[in-house]
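Please find my notes on the model below.

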Amino acid sequence: MSAYNFLAAFVCVAALSLVVSADDHRGDMGRPMGMPLPEVEEPEGARCCLPDDQFRVLKGSMVSSTRTGFFGKLSGPTKVFEYSDNVYDYTNNKFASYITRVLLDGSFYEEHVHVIEDPDEDFVWVINLDEMKCMKGKKEEYPFRIGERCVPDYAMYSGAFYLGKEEFTANEFYQIIPEDMSTSGLFTFSVSPDCIPHSENFVGKTDSWGMSQILTVSSTFTNYTVGIDMPERYFTVPDYCRYMEESKPWWMPV
């Protein structure tokens with residue numbers, strides 16, 4: 001889990017989600033020059049791995065984005081609340097998410113999106129459920145996708161915290177994603193001592209999927225459950241996607 005999936009670019013922020021791709025973002029991810037941070041001693045066992053091969057987790061995100069939005073509907077500065085129902089299948093290396101996105105501009109326009117990543121295909125499906133439109137993106141350009149399931153060695157430990165009267169504790173990590181990557185910026189994430197995801201935050205920019213965006217995202221994970229009920233609901237691509245023409249550029253609806 002090379003960043004415990006910040007799940008994402010504005011089009012995929014909730015999906016993604018629990019890990020920035022390890023292959024895409026390896027390299028010098030230490031502290032940036034000019035950003036002095038205190039040394040924090042990392043407790044033994046804080047650098048953990050997701051304990052379950054298959055699980056479901058809900059995620060709520062506040063997203064601030066500029067420039068192009070999903071399927072051309074949103075442009076310029078936007079503020080969005082996203083709620084997503086995410087399933088991770090490490091046994092079969094699959095990820096899927098149902099996302100509800102609400103535009104916070106007074107109109108409260110609502111959009112529903114289904115994201116599917118499958119190892120048998122070289123792309124990721126992003127499906128607009130309201131308009132029955134489908135988009136395919138290259139996996140290597142999908143900025144926040146399923147990846148390693150462990151806290152990476154290059155993530156820096158930033159400390160521990162607790163909520164309430166120490167009923168819930170978590171360890172926090174951060175990483176700097178270099179500017180020569182398609183997605184770059186500061187990514188932080190926190191996990192409980194038994195490695196259940198708690199939160200993640202991102203400030204930076206992305207040029208993935210044919211879009212250029214500046215992003216600020218703050219997310220919290222809730223209701224983690226082991227196993228995936230009715231996996232076909234999450235991983236089945238609608239027939240109307242399979243039969244659409246595929247001649248348009250990948251960043252456009254097919």
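The points below go from the basis of the values to the fold and then to the rings.

1. The model is predicted, so local features need pLDDT of at least 70 and side-chain atom pairs count only at pLDDT 80 or more, while totals for chains, interfaces and linings use all residues. Residues are numbered from 1 along each chain as its sequence is written, and side-chain values use heavy atoms, with hydrogens and water left out.

2. The chain has two helices and eleven strands (DSSP runs numbered from the N terminus: helices H or I of at least four residues, strands E of at least two). The elements run β-β-β-β-β-β-β-β-β-β-β-α-α from the N terminus.

3. Strand β1 (residues 54-65) is antiparallel to β2 (residues 78-89), with twelve bridges between them; pairing requires at least two DSSP bridges. Methionine 62 is opposite phenylalanine 81 of β2. Ten bridges join β1 to β11 (residues 213-226), also antiparallel, and valine 226 in β11 is the bridge partner of phenylalanine 55.

4. Of 254 residues, 51% are buried (under 20% relative accessible area, 1.4 Å probe, protein chains only; over 50% is exposed, in between partly exposed). Phenylalanine 55 is at 0% relative accessibility and therefore counts as buried.

5. There are nine aromatic pairs (Phe, Tyr or six-membered Trp ring centres within 6.5 Å; planes under 30 degrees apart are stacked, over 60 edge-to-face, the rest tilted). Phenylalanine 55 and tyrosine 224 are stacked because their ring centres are 4.8 Å apart and their planes at 25°. Since phenylalanine 55 lies in β1 and tyrosine 224 in β11, the pair ties together parts 169 residues apart in sequence.
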